[in-house]
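Q: I'm new to this one. Could you walk me slowly through the place where the chains meet?

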Amino acid sequence: MSNIAKAFGNKKAFLGFVTGGDPNMEICEACVFAMIRGGATLIEIGIPFSDPIAEGPVIQAANLRALAQGTTTDKIFDLVKRLRAKTQIPIVFLTYLNPVFHYGYDAFFAKCAAVGVDGIIIPDMPFEEQGELRGITQANGVDLISLIAPTSEQRIAEIARQASGFIYLVSSMGVTGTRHAITTDLSKMVRACKAATDLPVAIGFGVHTPQQAQEIRKVADGIIVGSAIVKLVENHRENAPAFIENYVRELTADA
Amino acid sequence: MKTGRFGDFGGQYIPETLMNEIHALETAYARYKDDPDFTAELGALLRDYAGRPSLLYYAEKMTKALGGARVYLKREDLNHTGSHKINNVLGQVLLAQRMGKTRVIAETGAGQHGVATATAAALLGMECEIFMGKEDTERQALNVYRMELLGSKVNPVTSGTMTLKDAVNETMREWVRRTRDTHYVLGSVMGPHPFPTIVRDFQSVISKEARAQILEREGKLPAAVVACVGGGSNAMGMFYHFIPDAGVRLIGCEAAGRGIDTPQHAASIAKGTLGVFHGMKSFFCQNDQGQIAPVYSISAGLDYPGIGPEHAHLYETGRAEYVPVTDDEAVDAFVFLARTEGIICAIESAHAVAHAIKLIPALSKDDSVILCLSGRGDKDVAAIARYQGVDIHE
C-alpha cells in the first residue's frame, strides 16, 4: 500500500496545494505546516514552471513569484527533506513535464524516493504518454497520478484501471482557479471511476467554499484545494500561514 | 515510428481535458484529408480566393547582384492576406466546419496567422477570437485593427513575456475551457499531434507547386531551398516535397536576434536543447532548470522558443540544415530585396533572404536556389523605420 492511501482514512481527505518556493522557501514551508494543522491529509507541492498551461492566473502568478526567488528543482527536494524530518504526511508533486524531463527521469524519481515524495501529478502528460515514465516511477515507488476530466468519457475506465495513488478528478472544463458553480455531473464520473478501480477519487479545480467542499465530499473521497490557498499566500505573504490554517480548518470542519 | 512522432519528436503532451478533442481531430482529419468533396472545396478556395498557385519568380536582378546560382522567389507574399498562413487556415477552418464547430480561436505573433484566421472566419461564417501577446499588439498595431475589421475579437495576452509563446499558452487555456463548439486553428507545424502533420500537409502545397515550377523553368531540381523558421510552417511547406530529393539542400533560417552569443535570440536549433512543451517533444530555448527562456527577435513571427518536431527530426537526421540569422542581417536583406527587386518582404522572410545572400555567390551559375518569401512586409515598415532610427507616424 502506498503512503498516499493514508490520506484517505476514516474521514474524507483534504488535499492542499502550495507552489514550492512561493513567495519564498521559508514562508512556503510554514504554509505546509499550517495546512497540516488545519486538517489537510495530503500535501501537494508545485514545482514551478515558466509556462503552466493548465493553470489559471492565481497559480500562474505563484509560479512566477517562486521562479523570481530563484527556486530550483533541487531546492524543492530540499524543502521536502526538511518537511520529512517533521512529518510523514503523504506528499505529492505537481509539475509540468519539462522540469522533470530536464532533470532526467531516472535522477528525478530516484531523488523523489530518497527524500520521501509519494506521488506526482503531471498535467501535460496524459495517459497515452505516461509509458515513458511508468517503469521509472514504479521502480522508485512513486505513484504517477492520473487526471480524469469532464471530457474523458469513454477514456475513464482505461485511465482508472492503470492509475496509481489516487484519481484526480477535474471538476469542470478550463484551467485551475475558483468557480462559483460546478455544473458537471460529478457523481456520474466518480461512479465510472469506481467501476474501474478501488483507488480513492479526489476532486479539484474550482473548489473553494465550505459548501462546495461538503457537496463534493458526498460523492468523492476527498477534495483538492489549490488556487484559494495560493491566493492567501499572495495576499498575506509572511502572515499567510495563520490564514491558511483557519481556512483549511473551515473546509475540513465537517469532513 | 509511433503515431504522431517524427523519430522521438512530437507526441501529445497536453492536458487530459483536451485528449478526446485531439482524438476527434485526428479522426476527422483522417476522414476528410482525401475526401473528394473536401479537397475540391479547399482546392477551389486556394485557387479562387487565396490566389494559388503562387508565382515562382526568377529574381534576375538579385541573381546578377549576387553572382552565383539563379535565384527564384516562391511568392507566398502574393497570397490573399499577404502570407503563406492562409494555406493552412482555409484547410483547418473547413475541417472545423465538418466537425460541427462554429467558433475558431488562434494564437498570433506578427499577426499574419491571426489575420488569415480572421479572414477565413469572416468568409466561412465562423465566430473568431485571436490571442496575441500584448507586446506584439503594440509592435503590430495595424494587424490588430485589421483583425477587428474582419469581425474578430483580439485578446491581448499579458501573461509571461507577452509574446508568441504566451499567446499559444493562452489559446490552449481557452481551448481547455471550451472545446464543444471551438476549434483551435494552430498556426504552425507545432503543438500536439496531429497539428504538426495537418499544418505541414496544408502548407506542403508550397513545395508541390514549386517543385513542378522549377522543373518547368530550369529542367532540373534546385541546389537548395531556403526558408525562415520560427515554429516552421512555411519552411515545412517549402521543404516537404523536396525531402525525397537527396540532392536538394533544405535550409531553415532561425532568428538569431542580437546574436546567438547573447541571450537575445530565438534560435532553438543553434542554442536550444531537447524538451517537452506546448504539446510536443522538440528543441526549445530553456534554462538549466527546464524553464522556457524568454526569446527575442526583431520579427514577432519568429519570436518563439521552440521548433516543430518534424524540423527537429530533419535536423537530427541531417536531412535539413538550420542556420542563425541576426536582426541586422535580416534588416539589411529586407532593404536589399526592396532595392534590387522592388519587393518589400516580411521581416520573417528577410531572414531567408539574408542567408541566401551569403549562400548564393558560392554556388554554381548552373544551379538554382528557391527562397520562400513567406509574407509581404507592409506590416513591418514602421518597425524597420524605428530600427533604422527614422521617426514615422502610421
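**Where chain A meets chain B**

A: Let's start with charges: 5 salt bridges are found across the interface of chain A and chain B, a salt bridge being a side-chain nitrogen of Lys or Arg within 4 Å of a carboxyl oxygen of Asp or Glu. One of the salt bridges between side chains pairs Arg155(A) with Glu16(B), at 2.8 Å from N to O.

A quick word on the ground rules. This is a predicted model, where local features need pLDDT of at least 70 and side-chain atom pairs count only at pLDDT 80 or more, while totals for chains, interfaces and linings use all residues. Residues are numbered from 1 along each chain as its sequence is written, chains are lettered from A and ligands numbered from 1 in the order in which they are written, and side-chain values use heavy atoms, with hydrogens and water left out.

Back to the interface. Polar contacts turn up too: 26 residue pairs across the interface of chain A and chain B, both residues at pLDDT 80 or more. (A polar contact is a pair of N or O atoms within 3.5 Å; within protein, one must be able to donate a hydrogen and the other to accept it, and residues adjacent in sequence count only if both atoms are side-chain atoms.)

Which parts of chain A do the touching? On the side of chain A that touches chain B, α2 (57-68), α4 (97-103) and β6 (147-148) each supply at least two residues. Helices (H or I, at least four residues) and strands (E, at least two) are DSSP runs, numbered from the N terminus. The largest share comes from α4(A), with 5 residues. Sorted by class, this side of chain A has 18 nonpolar, 10 polar and 8 charged residues. Here Ala, Val, Leu, Ile, Met, Phe, Trp, Tyr, Cys and Pro count as nonpolar, Asp, Glu, Lys and Arg as charged, and the others, Gly among them, as polar.

Now for the extent of it all. Chain A puts 36 residues into the contact and chain B puts in 36 residues, with contact meaning heavy atoms within 4.5 Å. The area buried between chain A and chain B is about 2,900 Å², and carbon and sulfur atoms give 51% of that. Buried area is the accessible area (1.4 Å probe) that two parts lose on being put together, summed over both.
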